[in-house]
Amino acid sequence: MISAQDWADARRIWDYHQMGHTLQPCSVAIGLGSHDLGVADTSADLYQRGLVPLLLFTGATSPTTRERMPRGEAVHYRERALELGVPSSAVLVEPRARNTGENIRFSREVLEQAGVQVASVLLISKPYEERRAYATARKLWPEVEIVSASTPMTLDEYVDSIGDARLVIDMLVGALQRLMIYPDQGFMISQPVPADVAEAYQRLRQAGFTSRLLSIDSPSA
């Protein structure tokens, strides 16, 4: 059972994970690989709206995407964008990254090798990963402006799209844990966590939403 308090706490953390940035034209959009093809859809939409001249998709495979995306997350994202009408000349692929830090570092290398001048990045992720992606990019690429974006949707809509409410709440809790512990490990900038969000996090941990938590010394960014 997921209680009313659990849902209220999950919504509070969901809202915190989203940056609320105003979309603006950027040098490039970087779509972070995951199980969620919505990242590719949103990237294609923002390209077609004229916000960016170029898309870069980044990501290898993971245990959660290997069967669904056997050619790699970035490759499948590119294929989806082409299906949606983005020209192949406007899409770059970074197929090696296996965590958020590598997404940023390897994407930067690909863009440098392609001779792309980058002053600003439209960073597109899953809705609950906006803040983590932003904090990581600000640490690893501080000289560019970062605008976070994701597919606009509510927590309820996201749960419906995944089909597993407990898993989604576990992911929200896990993403928040990383925001709290990774700055000390040098993976991202520190961001303040409001007291009500921290309290919601603790309640959800105590309620057993722990499957995506890391041991404190985990090295994976």
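1. After helix α4 comes G115. The phi angle of G115 is positive, near 75 degrees. Keep in mind that this is a predicted model.

2. Now the helix itself. α4 runs over residues 100–113, which makes 14 residues. At 1.5 Å a residue, α4 should span 20 Å. Its end C-alpha atoms are 20 Å apart, so the length agrees with what a helix should give.

3. Look next at the start of α4. There, a side-chain oxygen of N99 comes to within 3.1 Å of the backbone nitrogen of G101.

4. Which residues of α4 are buried? They are T100, G101, E102, N103, I104, F106, S107, V110 and L111. In an α-helix there are 3.6 residues a turn, so residues three or four places apart point the same way.

5. What do the buried residues of α4 pack against? Their partners are the strands β1 (28–32), β2 (55–58), β3 (91–94) and β4 (120–124), together with helix α5 (130–140).

6. Turn to the nonpolar cores. The largest has 27 residues. I13, Y128, L155, V168, L172, V173 and L176 have the most contacts inside it. At least two residues of this core come from each of α1 (4–17), α6 (155–162), α7 (165–181) and α8 (195–206). The largest share, 10 residues, is from α7.

7. Take L172 as a case from that core. Neighbours within four places in sequence are left aside here. L172 is then in contact with A10, I13, W14, H17, Y128 and L155.

8. There is also a second, separate core, with 22 residues. Among them are V91, L122, I124 and A149.

Technical notes
Residues are numbered from 1 along each chain as its sequence is written. This is a predicted model: local features need pLDDT of at least 70, side-chain atom pairs count only at pLDDT 80 or more; totals for chains, interfaces and linings use all residues. Side-chain values use heavy atoms; hydrogens and water are left out. Helices (H or I, at least four residues) and strands (E, at least two) are DSSP runs, numbered from the N terminus. The expected span of a helix is 1.5 Å times one less than its number of residues. Buried means under 20% relative accessible area, exposed over 50%, partly exposed in between (1.4 Å probe, protein chains only). Contact means heavy atoms within 4.5 Å. A polar contact is a pair of N or O atoms within 3.5 Å; within protein, one must be able to donate a hydrogen and the other to accept it, and residues adjacent in sequence count only if both atoms are side-chain atoms. A nonpolar core is a set of buried Ala, Val, Leu, Ile, Met, Phe, Trp, Tyr and Cys residues joined through side-chain atoms within 4.5 Å.
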